[in-house]
Amino acid sequence: MLLEINNLYFSYSKEKPLFQNLNLRFEEGKIIALAGESGCGKSTLLNLVYGLLDWESGDIIFDGEKLMGPKGNLVPGEAQMKFVAQNFDLMPYATVAENVGKFISNINLAKKKETVAELLEVVGLEEFATVLPKYLSGGQQQRVAIARALSVLPKLLILDEPFSNLDFPRKIELREKLFRYVKQNNISLVISTHELQDIIPWLDQIIVLENGKLIQNDNPEETFRNPYNSYVAKLFGEVNIFNESEIEDFQLSKFSYYPKEVKISENGFEAEVLESRFAGNHYWNKVKSKNKELVIYTDKKIENSVTISFV
Ligand SMILES: Nc1ncnc2c1ncn2[C@@H]1O[C@H](COP(=O)(O)OP(=O)(O)OP(=O)(O)O)[C@@H](O)[C@H]1O
């Protein structure tokens, strides 16, 4: 086991503890998402693991060794781990390439140059090698910090919301290159996020926190198909949530249906079409059936009334 968190107790204030008896396991070589809405404790947990915050009780065991937190380290942070937080801590008077090469030994300069070039390619910043960080956008600076963290091939890489400052095409590009790189180099990766949709294909495990509590810890397919509650279901994007009487009305087998899981069919429930809008890959529709408004996606525009069923 790469990382074990046992009975962890942590609070910022006495009245309201954030983590009480938190238990978690991270296997080696996996890509793990730490998910949950803003304020649920993701950044705090990452800071605790990396050794930037002291906890009250419990153990954090990394690669078989009990961690001591800030009091155990002269230099902040654990060796063998790298953490890219939401502030990137770049050297302002050094170029992008120098920043990326900061932790790489100068003994073999040709090899260093090659590694820096490879890492700049992974994060899509080849053209910015000679630029100073102040001329980069927030998202670009964050990618420099990610490349620098990768350069030491840490056992565990921790990324706090790495895609939050990126536009969609950049996110898609970085996602694929980064995840491929960490898998190829057997780096374990923990990445915090408040939405899972765009990274699901690459994840081995999803850990969901709600108000500091661990509420689900499964593989992506299980989490998607059987979310523990509506909070988990919503992390995957737009979703229709049903209360108990609605579940009975529609004779449903679960409480949440994604828009793609509600289909237009020959037999089923009558539904009035309230809106039908072009949304790129599909039409986004709002329909009403048995007094319940539902969002469904269809290939074609729909109007008037339709018959729907749940799959
Ligand atoms: N330095 C601090 N002092 C007191 N309370 C804090 C501090 N940092 C965070 N908190 C509180 O702890 C809780 C967890 O915050 P945290 O930043 O870990 O959440 P998060 O899930 O990472 O959120 P986000 O996605 O917005 O970064 C929140 O209620 C927050 O207000």
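User: Which helices and strands do the buried residues of H4 pack against?

Analyst: This is a predicted model, in which local features need pLDDT of at least 70 and side-chain atom pairs count only at pLDDT 80 or more, while totals for chains, interfaces and linings use all residues. Residues are numbered from 1 along each chain as its sequence is written, and side-chain values use heavy atoms, with hydrogens and water left out. Helices (H or I, at least four residues) and strands (E, at least two) are DSSP runs numbered from the N terminus, buried means under 20% relative accessible area, exposed over 50% and partly exposed in between (1.4 Å probe, protein chains only), and contact means heavy atoms within 4.5 Å. On that basis, the partners of the buried residues of H4 are strand E6 (81–84), helix H2 (96–100), helix H3 (109–122), strand E7 (156–160) and helix H5 (168–184).

User: How many of the 13 residues of H4 are buried?

Analyst: The buried residues of H4 include Arg143 and Arg148 as well as Val144, Ile146 and Leu150. H4 is largely enclosed by the rest of the structure because the number of its 13 residues that are buried is eleven.

User: How far apart are the end C-alpha atoms of H4?

Analyst: The expected span of a helix is 1.5 Å times one less than its number of residues. For the 13 residues of H4 (residues 138–150) this should give 18 Å, and the distance between the end C-alpha atoms agrees, at 19 Å.

User: Which backbone oxygen does the side chain of Ser151 reach?

Analyst: Ser151 is found in the loop between H4 and E7, and it is buried, with a relative accessible area of 13%. Leaving aside residues up to four places away in sequence, Ser151 touches Val100, Phe103, Ile104 and Leu119. A polar contact is a pair of N or O atoms within 3.5 Å; within protein, one must be able to donate a hydrogen and the other to accept it, and residues adjacent in sequence count only if both atoms are side-chain atoms. At 2.6 Å, the side chain of Ser151 reaches the backbone oxygen of Arg148.

User: Which residue with a positive phi follows H1?

Analyst: Helix H1 (residues 42–50) is largely enclosed by the rest of the structure, because eight of its nine residues are buried. Among those buried residues are Lys42, Thr44 and Tyr50. With a positive phi near 90°, the residue that follows H1 is Gly51.

User: What percentage of the area that the ligand exposes when taken alone does the protein bury?

Analyst: Oxygen atoms of the ligand lie 3.0 Å from a backbone N or O atom of Gly41, 2.9 Å from a polar side-chain atom of Lys42 and 2.7 Å from a polar backbone atom of Ser43. Of the 630 Å² that the ligand exposes when taken alone, the protein buries 55%. Accessible areas here come from the Shrake-Rupley method with a 1.4 Å probe, and for residues only the protein chains shown count as cover; the buried part of the ligand is thus given as 55%.

User: Is Glu161 buried or exposed?

Analyst: With a relative accessible area of 10%, Glu161 is buried.

User: What is the relative accessibility of Lys290?

Analyst: Lys290 sits in the loop between strand E14 (283–289) and strand E15 (292–298), and its phi is positive, near 50°, in a residue other than glycine. Lys290 counts as partly exposed, because its relative accessibility is 48%.

User: What distance separates the C-alpha atoms of Val239 and Glu261?

Analyst: Val239 lies in the loop between helix H7 (230–234) and strand E11 (240–241), and at 16% relative accessibility it counts as buried. Although Val239 and Glu261 are 22 residues apart along the chain, their C-alpha atoms are separated by 9.5 Å.
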